[in-house]
Each structure stands twice: as structure tokens, then as C-alpha cells.
Amino acid sequence: MPAPIRYVQDSANFPEAADVVVIGAGIAGAAATWELAKQGLKVVLIEKGLVGAEQSSRNWGWCRQQNRDERELPLIIYALQRWGELNAETGEELGFRRSGLVYATRIEADIAAWEKWGQMAKSYGVRSDILTAEQAKAMTPGSTTAWRGGVSSPTDGHAEPRLAAPGLVMGAQKHGALVFQQCAVRGLDIAAGRVSGVWTERGLIKTSRVICAAGAWTSMFCRRHGIDLPLGNVIGTAFRTQPIEQAIAMPLYTPGFACRPQLDGSYTVSVSGRGRLEPGAQGLRYARQFYPTFKSRRKNLTLNLGITPFFRGPEAMGRWEFDRMSPFERMRILDPAADAHIVEEGLAAMRREYPALANLRLAQSWGGMIDSTPDAIPVISTVAKLPGLVLSAGYSAHGFGIGPGAGRLAADLATDATPIVDPRPYRYSRLVDGSGLETPGMM
């Protein structure tokens with residue numbers, strides 16, 4: 001079942017040309033569209049389904065620096081600054097609150113890892129406070145576990161996934177951006193070896209600059225143009241509870257569940273690290289690159305084998321013509337089923353941990369397909385073999401919070417502006433030539 005989203009009205013007149021075309025209206029594409037429109041550029045955002053309807057509305061909603069890979073810290077630091085500014089700038093409610101986050105655990109190794117991470121993060125000016133057992137208990141009033149300790153990140157926060165991407169797009173429309181949903185981009189028009197336009201199901205838009213932020217579909221789109229982009233797709237599960245008198249005041253991570261309180265008294269909940277693999281041809285193609293990560297995390301993954309992903313969806317192979325229906329039109333909104341056992345496990349863990357939540361009830365659950373790279377660091381990069389194309393994908397289950405920074409960096413690269421942060425950690429080339437391809441760090 002799709003997660004709830006705010007509906008965005010399409011623009012009126014389909015254009016013949018644009019300064020920049022953005023493919024995909026998740027948080028990364030929406031943020032890039034906002035940054036470009038704010039600069040006064042003629043930007044067109046094309047979405048095969050609805051704004052924010054795939055993974056960008058199906059995530060936890062956390063906007064965190066805590067426990068990120070060091071390579072992402074400069075970008076999330078900038079993104080958090082932007083989160084704090086965007087409500088006022090766009091005139092839209094994105095749901096961002098600098099609430100702080102708390103992690104509590106019974107596992108000594110967790111505390112050691114958080115302490116080591118905090119020492120590294122200090123050099124970036126990031127605050128991360130290790131909690132004693134007593135402090136962890138004080139920050140989780142009403143919990144039943146005798147925690148070994150925890151960590152608090154008081155400058156982190158959360159936003160509302162159902163509002164964030166739509167709000168950014170609506171803000172961009174006020175600055176002249178054009179937005180078209182239920183309109184797939186079938187491919188790129190190429191002249192003299194560089195981008196010259198995009199072919200959509202409604203016709204050609206001439207442009208010399210394209211940002212492809214198509215989430216789990218990005219590898220398939222790139223493959224049509226001979227660009228090899230190793231992405232692996234993992235299906236995560238999250239759910240929303242019915243409103244209840246809240247016992248948890250801020251986003252909380254425990255080994256049994258992670259949750260975010262909402263303004264109406266409900267919670268968004270998931271179980272950290274759990275997921276499902278349903279590989280198709282793409283999964284098999286990139287299995288070697290992803291095997292080390294799979295091996296280290298396989299105890300938390302279930303594997304479902306079937307033939308459907310080989311023929312339908314982002315894992316399928318095959319080619320298509322630009323004047324005929326593409327795979328993107330056959331599946332407008334990627335809506336994988338939730339794992340019922342993860343939902344029940346998360347509900348049971350919350351009720352067990354907080355007796356005040358004994359009557360907690362499920363309102364809605366959903367699955368989301370998470371596009372991941374072998375090193376769990378996104379690709380935000382130009383592509384040397386096809387000038388004019390910028391990729392923004394592979395956010396590896398932690399892209400929502402980083403979205404405003406990712407959008408700004410992609411906009412900088414598309415317009416040849418000075419990048420807001422060093423783009424080298426996110427370069428595309430590392431995935432195909434192995435340069436600097438490191439094992440995933442903190443997630």
C-alpha cells in the first residue's frame with residue numbers, strides 16, 4: 001500500500017525546451033528542482049508517477065548526522081542547514097523539526113562504535129553525546145529495558161516524508177518550474193556525443209542539461225544509453241500506527257525498533273537493518289560487486305526468488321524504443337508489499353518496551369525499494385562519456401535527510417557552478433573503475 005503523500009498539481013503547458021530537465025520527483029529531484037528554479041533557470045521536472053510517491057515518502061523521516069559514513073558528513077551538515085531554512089523559503093510546510101535523536105542499546109559494541117564515530121565527527125563540528133546507562137534511561141522515560149548506554153545527537157532532527165518532496169516542488173513552481181506527473185522520460189536525445197534533449201511519452205524537450213534522480217529505476221535508465229551503473233535494490237518495510245497518547249517524545253533507535261513521533265500522536269516505525277531481496281536480471285548482473293555487503297548483512301535479509309522481477313520493474317533487462325511504451329510507464333509507482341512479520345515484530349517491540357503503548361495499533365504499512373551502491377555512498381556526479389548528464393542516485397537507505405544537500409550539489413554540477421561540497425566522494429567513476437571504492441562505513 002502506498003505511503004500517504006500530498007498531491008501536487010501539474011503545470012499547464014508542456015514545454016519544447018528547458019535549461020535543465022530533472023528526471024524523478026523524489027526528494028533528490030525535488031530539491032534539485034527547487035535550487036535550480038530559485039536561480040531563475042527554466043527547469044522542468046518529469047515524473048513517471050506522482051511526486052514523492054516511491055521511496056521518498058516511505059522512509060523513516062530522520063534528518064541525521066549521527067552515525068553517517070564520514071564521506072557524507074559535509075553534505076548532511078549542509079543539508080541540515082537547508083532543512084532549517086526551507087519552510088520559510090518555499091512557503092510550504094516540510095515538517096522539519098530540529099528535535100534531536102536518541103539511540104539506546106544493551107550492546108557494548110554499539111556504544112564503542114558510537115564513541116569512535118563521535119571522536120571522528122568532532123573534527124567536523126558535529127555534536128554527539130555518549131550516554132551513560134542512567135542518562136539513556138532518563139532520555140527514554142517509561143522504557144522497560146535497563147540500557148547499557150546510548151548516544152544523543154541534539155542538533156539532528158526529522159521531517160515529514162509525505163510533505164517534503166511535494167513542498168519543495170510546490171515552492172519551485174512559484175519560481176516558474178514546470179512539473180509533469182504521469183509522464184515518463186523514455187530516454188535521452190543525444191547529438192554530437194552529448195545530451196541534447198529528453199524523450200518523454202508526451203514528446204521531446206530540448207535541453208543540454210539533465211539530472212537523472214530516478215531512484216531504483218536509475219540503473220535501468222542508464223543501461224539504455226550504455227552507461228553501467230551498479231545499483232542493488234533492497235525492499236524495506238515501514239508502518240504508521242494509529243494516534244495514541246505519546247510515550248516517546250523524539251525519534252528513537254533501539255535494537256528492536258526505530259520510531260518517529262508525528263504531530264497527530266501516531267508513530268512511523270521500522271526495524272533497523274531488516275530488508276528483502278527480490279533480484280532480477282540486474283541483481284544477478286551486479287551480484288559480485290554487492291556480495292561483500294550481502295555477506296556482512298545477510299542475517300537481516302530475506303531472499304525471495306521469482307521470475308517477475310526479470311520481466312517487470314527496475315530489476316528487469318531489455319531495451320525499448322523512444323516512440324513506444326517504456327518499462328517506466330508499465331509501472332507508474334513502485335509499490336512493493338510490506339513484510340508482515342517485520343510489522344508485527346516492530347509493534348510487539350514497542351509495546352514490550354513501553355507499557356504505556358500496550359494498546360498501540362497499526363494504521364498502515366508499506367514497502368519501499370531502496371537503491372544502493374556497493375559502498376553505500378550515493379552517486380552525485382557528471383558522466384564523462386555523456387556530457388550534459390548528472391546522476392543523483394544510490395542513496396542506500398539514508399537519502400531523505402541528505403536530500404536538500406544532494407539537490408544543491410546536483411544543481412551545482414548541472415550548471416557548472418562551484419560545488420557546495422567536494423564532489424569527489426560521490427563520483428560515478430569509482431563504481432566502474434574501482435578508484436576509491438571502499439567498504440561501507442557507518443550507516
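The second largest pocket in this predicted model comes out at about 310 Å³, the volume being the space filled by probe spheres set on the grid points. A pocket here is an open set of points on a 1 Å grid over the protein atoms alone, fitting a 1.4 Å probe, with protein on both sides within 12 Å along at least five of seven lines; lining residues have an atom within 4 Å of a point. Of its 22 lining residues, Glu160, Arg162, Arg260, Gln262 and Leu263 sit closest to the centre. Helices (at least four residues) and strands (at least two) are DSSP runs.

E15 (258-261) turns up again next to helix H11: along with E13 (232-241), E16 (267-270) and E19 (362-372), E15 packs against the buried residues of H11. Those buried residues (under 20% relative accessible area, versus over 50% for exposed, 1.4 Å probe) are Ile342, Val343, Gly346, Leu347, Ala349, Met350 and Glu353. They cover an arc of only 160° around the axis, so they end up on the same side of H11. Ala340 and Arg352 are exposed on the other side.

Residues are numbered from 1 along each chain, and side-chain values use heavy atoms, leaving out hydrogens and water. Local features need pLDDT of at least 70 and side-chain atom pairs 80 or more, while totals for chains, interfaces and linings use all residues.

Technical notes. The arc is that of the directions from the helix axis to the C-beta atoms. Contact means heavy atoms within 4.5 Å.
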